Amino acid sequence: MTNSAGALELIQSVEQADSPARLVAAVRALAEARLEAGIPSLIAVLGYNNPEAAVAAVEGLVQLGEVAVPLLIERLDDYNYGARAYSFRALAAIADPRALDVLLSAAETDFAPSVRRAAAKGLGNLRWCQLASQQRQPSQERALKTLQLLSHDPEWAIRYAAVVGLQALAASESVTQTDLVSPILARFKQIAQTDADLVVRARVWMAQQQLKASSY
Amino acid sequence: MLEPSTKQDSEFGSPGSEPSGAEALTQEQALANLTHPDLSLRYYAAWWLGKFGTTEPQVVNALIAALDDEADRTELGGYPLRRNAARALGKLADAGAIPALIRCLDCSDFYVRKAAAQSLGMLGDPVCIPVLMKLLEGGVAGSQLVPGRPHLAQPSEAAMEALEALRAKEAIPLIQPFLEHPVERVQYAAARAMYVLTQDAVYGERLVQALAASDLKMRRTLLLDLGASGYLPASEAIAHAAVENSFKIIALKSLLENHLKQHSSGCLSPEAQQVMTLMDTLL
């Protein structure tokens, strides 16, 4: 158990790190301590342009889970797409449906492909059961609509991420309505026949196989 | 490796190396500009035709004529227009350009020779194999850095890449010594070509091991090499390399494409599924 003096020390050592190696070590230590008070520092690290430290910070935020979500949303960095992509990877992995709105708008309108890919994957994967039952279906339908849109994007990696999102949405336990699953399967069939990119088609083959296997 | 690097640029949302206002030109204007008094317009027109031009004979012939340009010279005696024309002819994929490109392999300008070698590889005609092999005949000794210049005496890397693309197994004994070339980058080009031509895992592993030791810029290039090699056991090493996710995704994509093209049975192997599972984690 870390006392509050120890917590302060961990946070300060991130803020005062004077070399990339010390920063990475300090972020790892703070992430492992799983301190709620460390959340702002971990989020700040996402913008330091140090991939190793950012990956460690994302891991720490994901382990903290839902408690990190409000600040992650509030502090999305509008001016640094690298930082934003890490934030969305964290939000996607935590899968708290309170992130739905920011995920939708990032997936549809962000200029940075890395941000849109992370958001697309996250959209399919949210823990829908945490939503009130009357909100669940409309939210899933919005996610579906956005992912379908992305599955027509000119960039292959966005379409690939849309397939990953659509597969997760179709496999979600709280999705039982066929009116959600059948449009996904129909879109997959279409992509498998028409997509210009071999790897996007291959990803659909895998999604089709895995969905089929899990439905038995 | 001109093609993958332009793809990376678009991945990072930067404008890349394309001059602005590209859409403003028509093919007629570009053709006319190839002989314009303003030399910079000639240079741009050659690039434009490679990017947006059609393979009509008049386009190909105009670019072939530009390979003999004498007007556009650098201070060091280089031929900028010839370089761009040679690159453009590779992209236009018209076999009619092959004899002219082969002549370019004797040009005094290193960068013209390099562009011609790359384009001959892209055109995919095995008839080019003997002339490309000639570029390697001096061995490592004949392919040292030119004093005061940032390049070797011959475009050895480009030649190996082209021979790899042409699946020229007869070039294996010529490529092998380059594994010991003093320039690291050339060693890796040799390892990649050796893997493609022999399918011997030793050469794929050499690239994987280099990933751990090299600096960031070299790691990025190595990822693209591994992707192009189609050496599937490299997928884990690519996914965990200390490089930006966008590079890893591109490398895994090209790895998978090369694999799928070789095994086009329509069903997915466990290895292919493994590559995609890794790609999913990088989104």
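Q: Is F52(B) buried, exposed or partly exposed?

A: This is a predicted model. Buried means under 20% relative accessible area, exposed over 50%, and partly exposed in between. F52(B) has a relative accessibility of 35%, so F52(B) counts as partly exposed. W48(B), in contrast, is buried at 6%.

Q: How are the rings of W48(B) and F52(B) arranged?

A: Planes under 30 degrees apart count as stacked, over 60 as edge-to-face and the rest as tilted. Here the ring centres are 5.3 Å apart and the planes stand at 45 degrees, so the pair is tilted. The two residues are 4 apart in helix α3 of chain B, which means a separation of about one helical turn. Together with Y44(B) and W47(B), they form one aromatic cluster.

Q: How does one describe two packed helices?

A: One gives the angle between their axes and the distance between the axes. For α3 (residues 39-52) and α5 (residues 80-92) of chain B, the axes come within 8 Å and cross at roughly 10 degrees. That angle makes α3(B) roughly parallel to α5(B). The residues of this contact comprise 9 nonpolar, 2 polar and 3 charged.

Q: What is the arrangement of α10 of chain A and α16 of chain B?

A: Their axes come within 11 Å and cross at roughly 95 degrees, so α10(A) is roughly perpendicular to α16(B). W156(A), Y160(A) and V164(A) of α10(A) meet M276(B), M279(B) and D280(B) of α16(B).

Q: Which charged residue lies over the face of W156(A)?

A: K253(B) does, at 4.5 Å from the ring centre.

Conventions. Residues numbered from 1 in each chain as written. Chains lettered and ligands numbered in written order. Predicted model: local features only at pLDDT ≥ 70, side-chain atom pairs only at ≥ 80, totals over all residues. Heavy atoms only, no water. Axes fitted to C-alpha atoms, helices over the stretch in contact; angles between N-to-C directions. Parallel < 35°, antiparallel > 145°, perpendicular 65-115°, else oblique. Nonpolar A, V, L, I, M, F, W, Y, C, P; charged D, E, K, R; others polar. Contact = heavy atoms within 4.5 Å. Phe/Tyr/Trp six-rings, centres within 6.5 Å; stacked < 30°, edge-to-face > 60°. Buried < 20%, exposed > 50% of the residue type's maximum accessible area, 1.4 Å probe, protein only. Lys NZ or Arg CZ within 6 Å of the ring centre and 35° of its normal.
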